[in-house]
Each structure stands twice: as structure tokens, then as C-alpha cells.
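Here are my notes on this one, in the order I'd read them. Keep the picture open while you go through the points.

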Amino acid sequence: PVPPMATSAEVTASNPGSGEVPGTFDEGYKDGWFSELSSMWPGQALSLKVDKILHQTKSDFQDVCVFQNEAFGNVLVLDGVIQCTDRDEFSYQEMIANLPLCSLPYEPKKVLVIGGGDGGVTRELARHKSIEVIDQAEIDGEVPRTSKQFFPKMAVGFDDPRVNLRITDGLKFLEECAENTYDAIVVDSSDPVGPAEVLFQRPFFESMHRALKPGGVVSTQGESLWLHLELITEVAKMCKDVFVGGTVNYAYTTIPTYPSGQIGFMLCAKANDGEPFSFKESRRSPPEGLRYYDEDVHRAAFCLPKFAKEALRGHLTS
């Protein structure tokens, strides 16, 4: 049987005016432990012991906290939700960046990152020597500032001379950029609550489609099959409508500090005159220095469990 899910919060959170209220670190902090509480995963919470609170502030957009944990090192929490930890961040960053880039049949030259203020995705893109320009639109300047201080191994990506970091709204940036600009767009967003809500809506995906070159690819944070299958299905359906004649697929990775220990990626390719595009095979060798991604993991990431295949049947193109 299909595992039980929260059937309303995930879907309504992706729509304007959903009423979903962002949380805070303090709401989950009690007796020296932080528990990640959210209506997006009701009835469960990952708890980490807080050895020391290193940084806590309220930006113009969200609640920001960094704490130290014996098992996972430094932990970044935005609006009460864990975004990354020293120990396991690489599994997410390597996959969201390399699944699309290594699927391309040509060497990418110009890419865009939406979100990703911790710098991890930018670090992974910078490993690709063919890339000449990495534009990045991050809405909250507090996140890069915090990452540079407490997550230097991730923020190192910002030091690459090809990176153009702009503190601005991602949708606005896309709407203002020229058509057919990018070979790839990577959207490293938080959950569809608060400032990231717009990044799960149709106008945003239409703007990405417009900004991509023919044959260009998109990779977006795609939530958890175990918790958000209805939301994933709705997003896949929308993507198939937007990327007409192109490709829509879904892959996933494992990461212990994300809800259910797993998170996925919605992958889309803009139609081109050539043969149909498939994400399921790696066409380009991965860059050096990786710890999670390789060609075997690439192929395996698209092997979905039966309940997910059944739910997404007809909404993915390959």
C-alpha cells in the first residue's frame, strides 16, 4: 500500500495565500534539544542535541539560527527547518547540481542558481571547468553572510570569479533576464512556505522555461516521496504542461537530516530540435573531488519505488 501522507498541507502550501505559517528555531528548542516541527510532516520530528547556539537572528525574510551538534557539526536552521549540516550537506549539493549538468550532451557555459544562499550548489557548479558564468539570485543576504562565517567549506563557492551573486528575488531576476540565456538553472529552495513559496508555482516555472536555451535543463528541490507525494505529483503535472515537447523526470537522494532521510529533485529539459532528451544516463564525466555522486548513483537515483511510480505515472515523460 501507498504510505500515508499529509494530504492537504503540502498541496495548499504550493498555492498563493495558503496560510502556511513559517516556524522558528525557538519553537522547536526545549531542554537542550532542537526538534524540527512542521505541518509539512505532521506527527514526526527529527531531534538534534544543541551543544551550543552559535548564531541567531531575524532577517527581513526569515528566522535564522546556527547551532553546533556533536554528530553533525554546525547546523543551519531557517524558519525552524534544517537546511544543511556539516556532515551530510554534500549528498544534496552534489546531486542537485550534477544530475542535470552531467545529463547534458554538451558542455554548459552559463548557469543560474536560484536560492542556494549557503553556497553549496555554487561550489558544486564551480567544479565544472566548462562553465564560464554562474549567476545566482538569493533573496536573503543574511544567508550568505551566515554561511561564510559558519559554513566556510560550502561558502567557498562564492569565491570563484565566475560567480555573480545578487541579493534579489529569484522570480523577478528571471522575468528580467533575456530569453534563451542559460544552459542550466538549479533551484535550491527551502520548503514552499514563506519566501520560497513562489518557487513552487507555475509562473516561476514558466519564467525558467523562457530563460533556458533550447535543450537546457532545470533541477529544483523536489521534496520527499514519503511525505509530499501529492505535491510532487502536482508539480510534475504542471512541469509537463510548461515543458511541452521537452522532458520531465524525478530523482532522489538520501540525506539523514532531511525529513524522512530522503529528498528529491524535479528535473526538466526544454524542447530542442534533436532527439528526445533523457536524464537517466550520465553523458558527461563527473568533476573531481566528489564524495556522493557518480555514474552509478546517477542511474540509481531514477529508480523509484513502486508506489511513487504509480502516483507519477503519466506525469513524467521518461
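**Notes on the fold**

1. Start with the surface: the protein chain has an accessible surface of about 13,200 Å², and 49% of that belongs to carbon and sulfur atoms. Areas here come from the Shrake-Rupley method with a 1.4 Å probe, and for residues only the protein chains shown count as cover.

2. A word on where this comes from. It's a predicted model, where local features need pLDDT of at least 70 and side-chain atom pairs count only at pLDDT 80 or more, while totals for chains, interfaces and linings use all residues. Residues are numbered from 1 along each chain as its sequence is written, and side-chain values use heavy atoms, with hydrogens and water left out.

3. The protein chain holds eleven helices and 14 strands (DSSP runs numbered from the N terminus: helices are H or I with at least four residues, strands E with at least two). Its radius of gyration is 18 Å, close to the 20 Å from the globule rule for 318 residues, so the chain is as compact as a globular protein of that length. That radius is taken over C-alpha atoms, and the rule is 2.2 Å times the number of residues to the power 0.38.

4. How much of the chain is buried? Of the 318 residues, 58% are (buried means under 20% relative accessible area, exposed over 50%, partly exposed in between, with a 1.4 Å probe and protein chains only).

5. Now look at helix α3 (residues 89-101): 13 of its 13 residues are buried. At 1.5 Å a residue its 13 residues should span 18 Å, and the end C-alpha atoms are 19 Å apart, which agrees. The expected span is 1.5 Å times one less than the number of residues.

6. Helix α8 (residues 202-211) has F204, F205, S207, M208, H209 and A211 buried. Which elements do these buried residues pack against? They meet β8 (110-115), α7 (170-176), β11 (182-188), β12 (212-221) and α9, where contact means heavy atoms within 4.5 Å.

7. As for α9 (residues 229-242), its 14 residues should span 20 Å, and its end C-alpha atoms are 20 Å apart. Its buried residues include L229, I232, V235 and C239.

8. Last, find A271 in the loop between β14 (262-269) and α10 (295-300). A271 counts as partly exposed, at 30% relative accessibility. Leaving aside neighbours within four places in sequence, A271 touches P214, G215, V244, G245 and G246. K213 is 58 residues from A271 in sequence, yet the two are 9.1 Å apart, C-alpha to C-alpha.
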